[in-house]
Amino acid sequence: MKMYEEKWTAWLDGQLSGRELIEFESSLPDLAAAEAEKRNAQKLGAFLKKELGAQTLSNEEFFSHQLRERIARETDNRSTSRGTGSTWWTIPRLVWSGATALALFLIFSVAIMRQHQPGEQSDYLTQILNSKVDASANPNATISIFESRNDNKVTVLWTEGLQTLPADYAAK
């Protein structure tokens, strides 16, 4: 069973016949208005065929037309490939950006090195105060006492190799 639109198009084109034609025309609510629309559609089709028909070209015109189309296509391809083919990172730009990055690195390195003079001690440097080991208890033992130079006055007692602190040793 054909859909209504298919039947309508076949009816406009004159492709319905016999029983299908009778059934379709009887299903139309206003046959006179449909006939008028059919005539208008046929007139429009004839007008469009007459006005929009393809021109027949002679062999020379057809060949010339093909050449013009090909030249236009190639010209468009070249102009678009130039625009999309080139990148922002060309060789000269890479060289300049590398030189700029190196210059910025050197400037920041010099600025940071000037802030810290090699002769002065860091705030984080500590001083070993004294070290005393009882060699009879453990010959590999070491005791180091560190005191920070900043205002917090932190003292750290570092012991290595001791199993216990000697009885005579007192942390101060």
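Y4 is partly exposed in the predicted model, with a relative accessible area of 44%; the class covers values between buried (under 20%) and exposed (over 50%), computed with a 1.4 Å probe on protein chains only. Y4 belongs to helix α1, helices being DSSP runs of H or I of at least four residues and strands DSSP runs of E of at least two, both numbered from the N terminus. Apart from neighbours within four places in sequence, Y4 is in contact (heavy atoms within 4.5 Å) with F24 and L28. Y4 and F24 are separated by 20 residues in sequence and by 8.8 Å in space, C-alpha to C-alpha.

Residues are numbered from 1 along each chain as its sequence is written. Because the model is predicted, local features need pLDDT of at least 70 and side-chain atom pairs count only at pLDDT 80 or more, while totals for chains, interfaces and linings use all residues, and side-chain values use heavy atoms, with hydrogens and water left out.

Two packed helices are described by the angle between their axes and the distance between the axes. For α1 and helix α2 (residues 18-27), the axes come within 11 Å and cross at roughly 110°; axes are lines fitted to C-alpha atoms, for helices over the stretch in contact, and angles run from 0 to 180 degrees between N-to-C directions. α1 is therefore roughly perpendicular to α2, a term for angles of 65 to 115 degrees, as against roughly parallel (under 35), roughly antiparallel (over 145) and oblique (the rest). The contact is made by Y4, K7, W8 and W11 of α1 and by L21, F24 and E25 of α2.

In α1, K7, W8, A10, W11 and L12 are buried, and their cover includes α2 and α3 (31-51). The largest nonpolar core has 8 residues, namely W8, A10, W11, L12, L16, F24, L28 and A34; such a core is a set of buried Ala, Val, Leu, Ile, Met, Phe, Trp, Tyr and Cys residues joined through side-chain atoms within 4.5 Å. Helix α1 (residues 4-13) gives the most to this core, with 4 residues. L28, leaving aside neighbours within four places in sequence, is in contact with Y4, W8, W11 and A34. Just after α1, G14 takes a positive phi of about 80°.

The secondary structure of the protein comes to 5 helices and 3 strands, in the order α-α-α-α-α-β-β-β from the N terminus. Of the 172 residues, 9% are buried.
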